[in-house]
Amino acid sequence: MRIKLSMFFIIALFIIWASSCRKDFEYAPSDGHLSFSKDTVFLDTVFSTIGSSTYTLKVYNNTRDDVIIPSIQLRNGTDSYYRINVDGVAGKTFQNIPLYAQDSLFIFIETTVDLAPSIENTLLYTDAIQFDSGNNLQQVELVTLVKDAIFIFPKTTSNGNKETIVLTYNDDGEEITAEGFELNDDQLIFTNEKPYVIYGYALVPNNKKLIVDAGARVHFHKNSGILIKNGASLSINGEFSNDQELLEGEVIFEGDRLEPEFSNIPGQWGGIWIESGSTNNTIDHLTIKNANIGIYVEGNDQLSENSLDIKNTQIYNSSNYNIWAKSANITGQNTVLGGAGKSSLYCNLGGSYNFTHTSIANYWNGGYRTSAALRIDNFSNTESGNDLVSARFKNCIIDGNGSKEISLNTNGANLFNFSFESCFIKFNDIGNPIPNNPLYDFDNENFYIDVLLNGKTAFFSPLYNDFRIALDSDVVNLGNPDFAQEVPEDILKTDRTLRPDLGAYQAMENISSQ
């Protein structure tokens with residue numbers, strides 16, 4: 001009996017061993033019957049000389065036979081700008097790749113295209129991954145749109161380090177530096193001929209002005225931005241775009257990743273920093289998206305000159321603040337301040353602010369948010385207080401997906417002058433009431449005049465920062481006509497003088513919701 005059992009185990013082990021051994025002659029040659037997860041791989045849009053994201057193609061063997069793929073290669077051969085990785089091995093040509101029955105393999109694809117040999121600013125670059133040859137040839141097309149750009153970046157010093165600039169100083173007076181560089185005179189005008197890609201912080205030096213022409217596109221790498229120094233200034237001269245899809249006149253600041261999956265990722269780059277002592281900065285028809293802080297404005301307690309005049313501008317999807325103004329003097333018209341990780345607008349440590357027909361609406365969906373859409377104070381935990389000379393909001397919307405979207409804090413010693421006139425304010429004092437705080441006495445006409453408290457704004461798509469308002473919005477026809485005369489057209493150049501609505505947009509039919 002023991003002998004029979006021993007023989008049984010020996011035979012079973014032999015069968016298992018034999019079935020687990022695969023030899024090359026057991027594979028059938030591929031005969032053109034592979035299938036693929038895509039027939040064309042679109043690698044989206046990249047800048048010349050900047051690498052793409054990694055894209056995936058799956059190759060399936062749906063037959064009942066193990067096969068050998070005689071060759072996998074790029075049609076353009078070794079000169080191809082594409083790179084592929086077949087089941088963990090990088091290269092451009094592969095031979096005799098096994099693929100088991102009813103199994104699949106992964107191919108990973110990347111590209112870095114250099115437009116230097118071409119005179120074109122934009123090129124559609126194509127290639128293909130070829131499987132086998134002759135009558136059995138199968139191929140998957142590869143397509144990439146490549147844009148030429150003007151690259152601006154810090155120099156590399158003799159010791160191999162990148163050039164740095166001083167951003168600010170900490171409480172101990174120590175320098176806080178970042179990779180950056182000073183813009184030369186021939187770099188102080190950004191045109192619309194090619195996109196700009198900035199690495200590090202581009203510094204506008206004292207007594208110089210950075211001018212950005214209508215239609216310019218400026219892209220920033222991670223931890224990059226623009227620093228306007230004391231005595232320097234910024235002039236962004238965007239124009240209304242007749243084509244609201246192409247936005248041919250709009251100036252756009254965003255990150256340098258052009259793939260669709262990066263289109264709504266906050267915090268991809270630093271932001272615009274206007275240093276204390278920089279005055280008369282002007283912005284018109286600018287879109288800022290996906291920054292850390294869209295615009296940080298450092299004023300001072302003099303407030304004799306305007307720090308920033310901003311109009312017809314949208315800032316959204318900043319990981320912290322869309323605008324953080326510190327003791328600044330800002331005028332805003334037809335401005336849209338959308339979703340942000342903290343506040344859409346933070347008027348910090350006093351200052352002077354005058355916003356007319358502005359939509360401040362924080363429908364942040366990137367995580368939990370504790371700050372109100374609009375936050376105003378005249379002190380901080382680390383600095384003594386400054387006067388809030390004025391914070392005046394006229395025909396504005398202050399809204400969001402929180403319960404209380406204004407936050408007002410005063411030290412009781414410095415001036416704290418504010419007013420909301422013909423505005424919509426979302427303030428549901430439920431669950432966390434603010435008892436006996438005179439700042440939130442909405443019947444006090446020293447602070448609040450003709451204010452609509454809560455209601456339906458009927459934004460088109462606030463989670464996607466589309467703050468156009470529908471015809472059934474509660475803010476329709478609520479604007480003060482006198483304030484509308486100051487800004488007679490909305491951000492889309494629709495006349496608002498006869499029946500002004502609140503915010504940056506006049507109401508329109510929301511066709512997409514029907």
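How many nonpolar, polar and charged residues make up the lining of the largest pocket? In this predicted model, that lining divides into 14 nonpolar, 18 polar and 14 charged residues.

**Largest pocket**
- The space in the largest pocket amounts to about 1,100 Å³.
- Its lining consists of 46 residues, and those nearest the centre are Gln-244, Glu-245, Leu-247, Ile-252 and Lys-289.
- Several strands give two or more residues to this lining, namely strand S3 (40–47), strand S19 (217–220), strand S22 (251–255), strand S25 (286–289), strand S27 (308–316) and strand S40 (466–469).

**Second largest pocket**
- The second largest pocket holds about 750 Å³ of space.
- A total of 32 residues line the second largest pocket, with Trp-273, Ile-293, Tyr-296, Trp-324 and Lys-326 closest to its centre.
- At least two lining residues come from each of strand S13 (164–169), strand S23 (271–274), strand S26 (293–298), strand S28 (321–337), strand S29 (345–356) and strand S31 (374–377).
- The lining of the second largest pocket comprises 12 nonpolar, 13 polar and 7 charged residues.

**Cavity**
- The structure contains 1 cavity of 30 Å³ or more, and the volume of the largest cavity is about 30 Å³.
- The largest cavity is lined by Thr-45, Val-46, Phe-47, Ile-50 and Gly-51, together with Asp-256, Arg-257, Leu-258 and Glu-259.
- Sorted by class, the lining of the largest cavity has 4 nonpolar, 2 polar and 3 charged residues.

Methods. Residues are numbered from 1 along each chain as its sequence is written. This is a predicted model: local features need pLDDT of at least 70, side-chain atom pairs count only at pLDDT 80 or more; totals for chains, interfaces and linings use all residues. Side-chain values use heavy atoms; hydrogens and water are left out. On a 1 Å grid over the protein atoms alone, a cavity is a set of points where a 1.4 Å probe fits but cannot get out, and a pocket is an open set with protein on both sides within 12 Å along at least five of seven lines; lining residues have an atom within 4 Å of a point. Grid points are joined across faces, edges and corners, and a volume is the space filled by probe spheres set on the points. Helices (H or I, at least four residues) and strands (E, at least two) are DSSP runs, numbered from the N terminus. Ala, Val, Leu, Ile, Met, Phe, Trp, Tyr, Cys and Pro count as nonpolar, Asp, Glu, Lys and Arg as charged, and the others, Gly among them, as polar.
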